[in-house]
Amino acid sequence: MTEQPFDGVRVIELAQWVFVPVAGALLADWGADVIHIEPTEGDPYRGLATQGIGTEHGGVNLSLALANRGKRSIALDIQSDDGRAVMHRMLDSADVFLTNMRPKALRRLGLDAETLALRYPSLVCAMGNGYGVRGPDADRPGYDATAFWARGGMAHMLSPPEREYPIGQRGALGDRNGALALAFGVAAALLKRSRTGRGSIVDVSLLATAIWTLSSDVLAALGGDAPMASSGRGPLVNPLVGVYRTKDGRHIQLVFLQPDRYWPEFCRLIGREDLSEDPRFADIEVRRENGAACVAALDEEFAKRSYAEWKELLSHLDAPWAPVQSVPELLDDPQVEANGYIGEVLIDGDVAYRLPAVPVQFDGRAPPLRRAPEHGEDTETLLTELGYEWDAITALKEAGVIL
């Protein structure tokens, strides 16, 4: 197998649900040995399938597989002294400690970043949380629907003001964006350690992820303007930036941010040279002044052709535009297929299921995807690697410290 960027890096992951485990999965994709510590009763994310949350495929919970692919799993009770002793034996050989436990809980267990930094000075301590590690809400529980979507301004900005309630969030939207930031922070900390020999404390919150995602609106607010929530097709500052409806009820997105560059060629392509010659639409300034009329003219044109016809026609225009696709259409998009953005998990040489790949590629290829472990699948193997004899492993099992 080709050498991977994180080959030889060991990550101890004391985390549940989605946000931080996805960061671990991304590190595992690129070669890290990620050990997912689960409670003896299992990561609660496994149980969401009983609520209809999580896509089942041939008996596989794909949501769980996405968050835990490529890892090893140990079922361990870290609330017990013996369980924490096992934990510290793992940390003795670890490069990264990855967790989403809240600060108060970590301090109670002696696993807070400051304590670990004294005991393991080269260890990278990476924490994902809802609201940050300081301030009055540092210990408040936070999911992406609360810390990212609601409090982080996403729901407000993306909901049309005429709605009685904000629009609902897509599943784990903040979690998976935050996971990318956390994995990036871990990579940066490992690079720093290679130069200094010392570990770092990495902190990513869902609240900060929302602020970063909404940077354009935050900049407007910082400048004293009131950011406008989503509403219909938005302002008509540039009619060549917007969504248009096709004859068969589908949509095409135009993003001609340099409209004067594309307007004449676009008009010729659709057989409406008269629009480019119309003094109301001659350049960006007069198109702004006559925005409603320009949009009405384009609405009329887009309603004459089907979605497929518009895709074929616009494929001859070297300008920024895109079809508004459904997710099932996205799966078969030739660009998605050509770049391996949906990967395959092989079991015994056969494709068992497909998952979204990490969006970062090295040397022109996506990483191979490996399956997620069963609950506690690697417990005994990991303990023997740590030097535990079988009688000690049996004693831990009888005491309920391991599964």
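Trainee: How many salt bridges does a search of the whole structure find?

Mentor: The search finds 21 salt bridges. The model is predicted, so local features need pLDDT of at least 70 and side-chain atom pairs count only at pLDDT 80 or more, while totals for chains, interfaces and linings use all residues. Residues are numbered from 1 along each chain as its sequence is written, and side-chain values use heavy atoms, with hydrogens and water left out.

Trainee: Why is the pair D137 and R151 called a salt bridge?

Mentor: The term requires a side-chain nitrogen of Lys or Arg within 4 Å of a carboxyl oxygen of Asp or Glu. The closest N and O atoms of D137 and R151 are 2.8 Å apart, so the pair qualifies.

Trainee: What makes D137 buried or exposed?

Mentor: Buried means under 20% relative accessible area, exposed over 50%, and partly exposed in between (1.4 Å probe, protein chains only). D137 has 17% and is therefore buried, whereas R151, at 45%, is partly exposed.

Trainee: How do you know that D260 and R287 form a salt bridge?

Mentor: Their closest N and O atoms are 2.5 Å apart, and this value meets the cut-off of 4 Å. The pair links distant parts of the chain, with D260 in helix α11 and R287 in helix α13, 27 residues apart. Helices are DSSP runs (H or I, at least four residues), numbered from the N terminus.

Trainee: Which accessibility class does R287 belong to?

Mentor: R287 has 1% relative accessibility and therefore counts as buried, while D260, at 36%, is partly exposed.

How values were computed. Helix = DSSP H or I, 4+ residues; strand = E, 2+ residues; numbered from the N terminus.
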